[in-house]
Amino acid sequence: MRTSEEPETVVDRGQFPDAVTPWDDREWRREALGWAGRELAAHGRTETGPREVRVRPWSVLMRLRTGEGERDAVWLKAGAPSNAFEAGLSSALAEWVPQDVMAPLAVDAERGWTLLPDGGPLFRGVLDAGAAGPAEWALAVGRYARTQRRLLPYADRMVELGVPGARTRDLPEVFDALVEGNPLFDAAERAALRGRRSRLVDLCAELDAYGVPDSLDHCDLHDGQILAPAPGRFTFFDWGDACVAHPFGSLLVPVRAVAERYGPGAVAPLVEAYLEPWADLGPSAGELRGAALLAVRLAALGRAGSWFRVFPGTPLADSREASAHWVRELFAAEDAW
């Protein structure tokens, strides 16, 4: 029960009423909100209420108001144990690429807690308002590619922080675990997938041969994971699905989003803008496009694995269904552009 001193709290459980999360533990709430309050005080701020809480199988996100203005708020994010690395990663990214990410106000890496400032409007809202379109999408992914380039020296450091690995050379083993561990694949489908493993090995070898180094793959770079604080400026956030992998796999989600919203003709300029920062690596423009096609196809495995990063005890039916979908996509994929 809420005490008279506590701000009003509105909880959004979305389509996941059965999700098992620490939000339902009163002691956990007391500790998390107490930590946030102390960190706010250290920054000369205080919570004014009301609170808005979004509970999902993979995270608990709390919007804590700190004033009367729309942007006078902070965000407390608590990830599931399997994506708790995001807290430490967010802190490291703020050091490595400060111009492209939000700098946390505070981080508890051990508990997977991050306190973030308000970073401005979502890119989605700008798109929906008609103030941006395919050209701005191209600018955004080009900026993101430059971020990945700057992160190339830190790939091993990110793994040390707990960021999952999905490097091209390791994808056959990732595939094996996803196929064998998902009960939605019956014996016939599992056997068929095993029979296509050699094709996967060939695709991985082909992609590796281009020589593009591993970096950070966001794995879910949609318009709700990008902030647009000013025209031509973009900030990337929400790294809970991320992995260390072939960087070009990050195109998977933007390519589909742009094609769906603006038609297939908008895809090629997006891909060109993304690949431009990689032009000095050695491969020709055509070879970079070939590498991108392969990476986008293989990125389905990263997406398939990320669906299991949920709080312990959460029913896995949705995760298994989504993961199976992406595993099937791996061999259903056709050239996207």
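**Cavities, a pocket and a sheet**

Me: How do the residues of the lining of the largest cavity divide into nonpolar, polar and charged?
Reply: On a 1 Å grid over the protein atoms alone, a cavity is a set of points where a 1.4 Å probe fits but cannot get out, and lining residues have an atom within 4 Å of a point. Ala, Val, Leu, Ile, Met, Phe, Trp, Tyr, Cys and Pro count as nonpolar, Asp, Glu, Lys and Arg as charged, and the others, Gly among them, as polar. Sorted in this way, the lining of the largest cavity holds 9 nonpolar, 4 polar and 1 charged.

Me: What kind of model is this?
Reply: Residues are numbered from 1 along each chain as its sequence is written, and side-chain values use heavy atoms, leaving out hydrogens and water. Local features need pLDDT of at least 70, side-chain atom pairs count only at pLDDT 80 or more, and totals for chains, interfaces and linings use all residues, since this is a predicted model.

Me: Which element gives the largest share of the lining of the largest cavity?
Reply: The largest cavity has a volume of about 100 Å³, a volume being the space filled by probe spheres set on grid points that are joined across faces, edges and corners. Of its 14 lining residues, Ala166, Leu171, Ala245, Leu298 and Ala299 lie nearest the centre. Elements are DSSP runs numbered from the N terminus, helices being H or I of at least four residues and strands E of at least two. Strand S11 (243-245) and helix H11 (285-306) each supply at least two lining residues, and the largest share, 4 residues, comes from H11.

Me: What is the order of the strands in the open sheet of 6 strands?
Reply: Two strands pair if DSSP finds at least two bridges between them. The pairing in this open sheet of 6 strands is mixed, and the order is S1-S2-S3-S4-S6-S5.

Me: Which are the edge strands of this sheet?
Reply: Axes are lines fitted to C-alpha atoms, for helices over the stretch in contact, and angles run from 0 to 180 degrees between N-to-C directions. With direction ignored, neighbouring strands of this sheet are turned by 15° against each other on average. The edge strands each pair on one side only, and they are strand S1 (9-12) and strand S5 (106-108).

Me: What angle does the direction of helix H2 make with that of S5?
Reply: Contact means heavy atoms within 4.5 Å. Helix H1 (residues 26-42) packs on the sheet, touching S2, strand S3 (59-65), strand S4 (73-79), S5 and strand S6 (113-117), and its direction makes about 40° with that of S6. Helix H2 (residues 85-96) also packs on the sheet, touching S4, S5 and S6, and its direction makes with that of S5 an angle of about 140°.

Me: Is Leu116 buried or exposed?
Reply: Leu116 lies in strand S6 and touches Val74, Trp75, Met102, Pro104 and Leu105, not counting residues up to four places away in sequence. Buried means under 20% relative accessible area, exposed over 50% and partly exposed in between, with a 1.4 Å probe and protein chains only. Because its relative accessibility is 15%, Leu116 counts as buried.

Me: Which element gives the most to the lining of the largest pocket?
Reply: A pocket is an open set of grid points with protein on both sides within 12 Å along at least five of seven lines. About 1200 Å³ of space lies in the largest pocket, which is lined by 47 residues, with Arg54, Leu61, Gly224, Gln225 and Asp238 nearest its centre. These lining residues divide into 19 nonpolar, 12 polar and 16 charged. With 4 residues, the element that gives the most is S2.

Me: What is the value of phi near in Asp238?
Reply: Most residues other than glycine have a negative phi, and most peptide bonds are trans. Cys219, in the loop between strand S8 (215-217) and strand S9 (226-230), has a positive phi near 75°. Asp238 lies in the loop between strand S10 (233-236) and S11, and its phi is also positive, near 65°.
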